[in-house]
Amino acid sequence: MILIGGGDSADVYQIGHGRVLKLFKDNEYFIREYEACKYMGDMTSFAPQVFNKVCVDNKDGYEMQELIGELFVDVIDDSDELEYYAELMGQSHKMLHSWDSRSLALPHLKERLRIYIIQLSHISDDIKKWGVSIIDGLEDGRSLLHGDYMPYNLMYLDDKLTAMDWSDAMLGPKEADIARTLYFIIDPNDYEDAKYTLNSNKFIEAYLSGYYGNEIPVSVIHRWLIINAIIELDRFLALRVSNKFTQRLDDFIHNNLKEMGSDYLFE
Ligand SMILES: Nc1ncnc2c1ncn2[C@@H]1O[C@H](COP(=O)(O)OP(=O)(O)O)[C@@H](O)[C@H]1O
Ligand SMILES: [Mg+2]
């Protein structure tokens with residue numbers, strides 16, 4: 001078995017015959033992810049097919065179809081065409097959102113988030129209630145959302161992108177998925193040396209232009225970014241992480257609570 005990828009929660013190995021094996025470090029996340037990814041592989045033509053469950057050295061895992069190509073984060077890092085690839089990612093994200101999602105039985109993002117925000121333990125009740133009121137004011141939407149549409153979850157081949165890691169897939173408004181991507185691009189705590197992190201403003205501008213052209217719904221994306229900021233600040237506080245970026249999130253949330261639109265997370 002050749003290790004080809006992975007992160008905090010799992011390792012991914014090439015096992016031949018067009019398959020990879022994803023083995024979980026913590027078996028707690030396994031079943032939910034297995035079921036979600038299997039469902040997406042069975043129901044769509046673009047998510048990798050998920051095959052059998054396996055257990056190796058007491059670690060749970062599953063076999064899936066190997067996607068051929070180069071990991072998009074490496075493509076970007078090895079090239080000087082940051083804006084070209086950011087635009088491609090925007091176009092490809094848009095194509096994903098236009099997939100006919102009627103046959104998909106997935107959780108609805110807004111319903112999930114309302115419940116999720118209310119039970120956060122490191123955020124004040126005022127901010128949680130405000131967060132829920134923002135969600136209530138945004139469109140429901142029924143687009144297929146990936147939830148982590150980022151260069152480290154995309155395989156690049158022949159100028160096309162295919163998404164992996166479908167464990168957070170839901171139905172909801174496109175802008176929620178776009179804001180999630182923007183949040184992850186802005187957050188310097190993950191992939192801090194990646195070109196898209198080091199040039200986040202330039203990357204975001206080209207990504208949004210690839211998705212929307214010139215008509216970017218800034219105010220809706222801004223509201224979804226506030227929701228992301230609340231959720232992620234809670235996660236940082238729970239992990240006792242405190243740095244310039246967590247302070248930035250805190251300021252961003254409080255400035256907008258005082259006056260919506262008085263502070264933006266990206267330029
Ligand atoms: N179906 C696949 N085909 C080829 N490589 C894959 C596949 N799934 C995952 N990988 C590789 O493993 C890495 C981690 O996989 P991923 O499912 O995103 O795990 P994690 O939950 O740790 O983020 C990916 O970035 C990619 O390099
Ligand atoms: Mg991943």
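**Ligand site, sheets and helix pairs of a predicted model**

Both domain 1 (2-65) and domain 2 (70-258) give residues to the shell around ligand 1, so the ligand lies between them. The domain bounds come from an automatic or database domain assignment. The structure is a predicted model, in which local features need pLDDT of at least 70, side-chain atom pairs count only at pLDDT 80 or more, and totals for chains, interfaces and linings use all residues. Residues are numbered from 1 along each chain as its sequence is written, while chains are lettered from A and ligands numbered from 1 in the order in which they are written.

The shell around ligand 1 holds 19 residues. A residue counts as near a molecule or strand if its C-beta atom, placed from the backbone, lies within 6 Å of it. The closest are Gly 5, Gly 7, Val 12, Leu 67 and Asp 165. By class, 10 residues of the shell are nonpolar, 6 are polar and 3 are charged. Here Ala, Val, Leu, Ile, Met, Phe, Trp, Tyr, Cys and Pro count as nonpolar, Asp, Glu, Lys and Arg as charged, and the others, Gly among them, as polar.

At least two residues each come from strand 1 (2-6), strand 2 (10-16), strand 3 (19-24) and strand 5 (59-65). Strand 1 supplies the largest share, 3 residues. Strands (E, at least two residues) and helices (H or I, at least four) are DSSP runs, numbered from the N terminus.

An open sheet is built from 5 strands in the order 1-2-3-5-4, with antiparallel pairing. Two strands pair if DSSP finds at least two bridges between them. Strand 1 and strand 4 (50-56) stand at the edges with a single partner strand each, so one side of each has no neighbour in the sheet. From one strand to the next, the twist averages 30°. Axes are lines fitted to C-alpha atoms, for helices over the stretch in contact, and angles run from 0 to 180 degrees between N-to-C directions.

Strand 5 pairs with strand 3 in the antiparallel sense over 5 bridges. Val 20 has Met 64 of strand 5 as its bridge partner. Strand 4 is also antiparallel to strand 5, and 5 bridges join them. Opposite Lys 59 in strand 5 stands Val 56. Val 54 stands opposite Gly 61 in strand 5. The hairpin of strand 4 and strand 5 has 2 residues between the strands, and Asp 57 takes a positive phi near 50° there.

Another open sheet has 3 strands in the order 6-8-9, again antiparallel in pairing. Its edges are strand 6 (70-71) and strand 9 (160-163), each with a single partner strand, so one side of each is left without a neighbour in the sheet. Strand 8 (residues 154-157) runs antiparallel to strand 9, joined by 4 bridges. Met 155 faces Thr 162 of strand 9 as its opposite residue.

Two helix pairs were examined. The axes of helix 9 (residues 218-238) and helix 10 (residues 244-258) come within 10 Å and cross at roughly 135°. Helix 9 is therefore oblique to helix 10. Angles under 35 degrees count as roughly parallel, over 145 as roughly antiparallel, 65 to 115 as roughly perpendicular and the rest as oblique. The crossing of helix 9 and helix 10 is left-handed. A crossing is left-handed if the near helix is turned anticlockwise from the far one by less than a right angle, and right-handed if clockwise. Helix 6 (residues 174-186) and helix 8 (residues 200-212) have axes that come within 10 Å and cross at roughly 160°. Helix 6 is therefore roughly antiparallel to helix 8. Their crossing is right-handed.
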